[in-house]
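This report describes a structure with attention to how its parts touch one another. The sequence and the structure are shown first, and the description follows.

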Amino acid sequence: MRPAEDTAADTAAAGAGQAVSTTRAGASDERAARARPPVLVAGLVVTIALLALVAMASVALGARSVSFSTVIDAFLAPNGSNDHTVIRELRVPRTLLGLGVGATLGLAGALMQSLTRNPLADPGLLGVNEGAALGVTLALGVFGLSDPTVYIWFAFGGAALASAIVYALASANRSGSSPVRLALAGVAFGMVCTAVASAILRMDSQTFDRMRFWLAGSLAGQTADTLVRLAPFMVAGLVLGLMLARPLNTLALGDDAGKALGVAVNRTRILTGVAVTLLCGAATAAAGPLWFVGLIVPHAVRALVGPDQRWVLPYSALAAPVLLLGADVAGRLIARPGEVQVGIVWAIVGAPIFILLARRKRVAAL
Amino acid sequence: MRDAPAGGSLNVRLGPWSVRLAPRALLVSLLLLLAGLLVTVAALSTGEFTVPVPDIIGALFGQGTPVAELIVGKLRAPRVVTGLLVGAAFGMGGAIFQSLTRNPLGSPDFIGFTAGASTGGIIAVVAGGSALTIAGGALAGCVVTAVLVYALAYRGGVQGYRLVLVGIGANALLLAVNSYILTRANINDAATAGAWLTGSLSGRGWEHARPVALALLVLLPLCAYISRPMRMIEMGDDAAKAMGVRVEAVRAAAIAAGVLLTGVATAAAGPVIFVAMAAPQLARRLTRSPGVTLASSALMGAVLLTAADLAAQRLLAPTQLPVGVLTAAIGGTYLVLLLRKDRH
């Protein structure tokens, strides 16, 4: 609109944000200093224990009431009864899917927030998941490719394209990309992708029927076979992402300081982009475009463990599936005998938290 | 056009009164009016049953053959007029929010208002409401959302960026509520609601056009009155306050006007997205004005929506696309255009 004033306003906001973030960073450094590594390791163990607990709940609870002893029998002595089939062929794959998708989205969000130094970065909010979803819709609806190892490449393509376009959109004005610009560009591009995807689906009612729950974000409806085919991509993304903690820590000091300290700035950026693409593409191919998982978990994690990415990244990857599976279990229980898709539960819980974050005096830069 | 400087204006004085005229903006407005007229004539005349252009006037005023009167007067004219009015309302609503948020993407489509109208609309659809109830539901949904977003974004004043962020949160929440309603509704209601959600002008009659016309009549003077102070607020709250603008009052009035425009437009045609985003910026590029302008945005919105609707009817004839599909395509193209470095 009015670039000059816009620039001025943005710079002013950024300046104030920096001032705030310096004090914030100081505070969280203190907190991190207090939270010694042994405490943080213990925290990781607690998180893993929680994860195991939620995973058990996810196997045991659902629209169909199954007694706990039956659940144990289903693993130890499967007898092919309906209850056992439900547990072994529906709930276990679904739980594993939730673990994988939660871990990938949590890590992807943490990586994006660190890379863009934008506290509002989230794979769903910035349109990356929607881009991946459009890729999957094209593959399934237009080209009729139903093999997950094939259509996941469409998801990667969509995710990569979306990241590039949204980032370019947000920094199209010379003032660079502020958190608000990036968020708006992401939402706008995401809505274009969603509109195109639903136009494609409207032409083909069979595909529409198959995909409408996936489009709302759902952990149900994927077979164990799909999961096995998608898992290697998730693991690759997780490993690559976790390896980037150290260079990202250094880059947080700024590009110049990072260079001076021996970090290959561009290589780190590109590798982070590749990791984000792998993580978001695989998660979306598996569970549809999910919002806010990657936004809220890293925020909460940073408040607990401080700004060190070596802790933020693994904590995010472990805490996100706890919350995602928790939301999925809640979605199965609140609307029995039907269920609410996990994407809907997350948006309804996550949006108010997002609004609370946005209401803070300044959206503190990272 | 060389003699009109970029965004240039002339001050015309007559005694104590003065009017600021921007020749280029006036010229662009005239051209947009002409384009709107051409699209209207094309929409009235072409289709499965062609009515020759000279017969249109006769058919409109009851002088033509009965068939032409039915097709032009009863079927095509209400649809075109609804399209023009809805497009104008979306264009102006979009311009208001882009000015308030100082961002070319700060359109009601993305900050929850259109989504709120959709929620109201599909609740009415699922409850089995009539066309009037659905329209009322959409308007109510839009207004309730706006009140909530405004209240949540209020911290001793509503800064543009907080409005955007709170709106984006509300948008996500409402989209989730919408898909929840769609997955819970029975299949017939879900299909009807899904069709309404795409936004369409098909089957629109005078009863759809009238409320939008009324809203435009009431809100146009208000918008004209606040357009100058809004321009000042774009320069920052402090600068505007220093020039004697009552910032919060103007902003509240602007939000109210923008929400009502978006609400009645959505009530008439469903949530047609991207018109509110693209129209003000396209108009601004044509007029080369430094900020978005309300009048040219409204005209551009009217032209865009009717042209998109015409294309939606004729491109794949006899298959009729909903206009929302076309405007989504326009939105995508426009975003790519926006990628080019903004030199203005």
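Two residues are said to be in contact if their C-beta atoms, placed from the backbone, lie within 7 Å. The model discussed here is predicted. By this criterion, 43 residues of chain B are in contact with 37 residues of chain A. On the side of chain B that touches chain A, helices α6 (160–184) and α13 (323–339) of chain B each supply at least two residues. The most is given by α6(B), with 16 residues.

**Chain B as a whole**

The secondary structure of chain B consists of 13 helices and two strands. Its radius of gyration is 20 Å, close to the 20 Å given by the globule rule for 344 residues, so chain B is as compact as a globular protein of that length. The C-alpha trace of chain B spans about 60 × 55 × 40 Å along its principal axes. Of the 344 residues of chain B, 55% count as buried. Among contacts in chain B between residues at least 6 apart in sequence, 71% join residues at least 24 apart.

In soluble globular proteins, nonpolar side chains tend to be buried together. In this model, the largest nonpolar core has 223 residues, and those with the most contacts inside it are A:Ala188 and B:Ala89. Helix α3 (residues 66–101) of chain B gives the most to this core, with 16 residues. Which residues does B:Ala89 contact, leaving aside its neighbours within four places in sequence? They are B:Val212, B:Ala215, B:Leu216, B:Leu261, B:Val264 and B:Ala265.

**A helix of chain B**

Helix α7 of chain B covers residues 187–198, twelve in number. From its first C-alpha to its last, α7(B) reaches 17 Å, close to the 16 Å expected at 1.5 Å a residue. Within α7(B), the residues B:Ala193, B:Trp196, B:Leu197 and B:Thr198 are buried. Just after this helix, B:Gly199 takes a positive phi of about 85°.

**Positive phi in two phenylalanines**

A positive phi also occurs at A:Phe292, although it is not a glycine, and at B:Phe274, although it is not a glycine. A:Phe292 lies in the loop between α12 (265–287) and α13 of chain A, whereas B:Phe274 is in the loop between α10 (247–269) and α11 (275–287) of chain B. A residue is buried if 20 or more other C-beta atoms lie within 10 Å of its own. The table gives the values for each phenylalanine.

| Residue | Phi | C-beta neighbours within 10 Å |
|---|---|---|
| A:Phe292 | about 75° | 27 neighbours, buried |

**A buried glycine in chain A**

A:Gly294 is found in helix α13 (residues 293–305) of chain A. Why does A:Gly294 count as buried? A:Gly294 counts as buried because it has 34 C-beta neighbours inside 10 Å. Not counting residues up to four places away in sequence, A:Gly294 touches A:Leu105, A:Gly106, A:Ala108, A:Gly109, A:Met112, A:Asp122 and A:Pro123. A:Gly294 and A:Leu125 are 169 residues apart in sequence, and their C-alpha atoms are 9.2 Å apart in space.

**Confidence in chain A**

Chain A averages a pLDDT of 80, and 87% of its residues score at least 70. Over residues 1–30 of chain A, however, the pLDDT is below 50. Beyond near neighbours in sequence, this stretch has 44 contacts in the model.

Technical notes
Residues numbered from 1 in each chain as written. Chains lettered and ligands numbered in written order. Helix = DSSP H or I, 4+ residues; strand = E, 2+ residues; numbered from the N terminus. Expected span 1.5 Å × (residues − 1). Buried ≥ 20, exposed ≤ 12 C-beta atoms within 10 Å, placed from the backbone. Rg over C-alpha atoms; globule rule 2.2 N^0.38 Å. pLDDT = per-residue confidence, 0-100. Core = buried A, V, L, I, M, F, W, Y, C linked by C-beta atoms within 7 Å.
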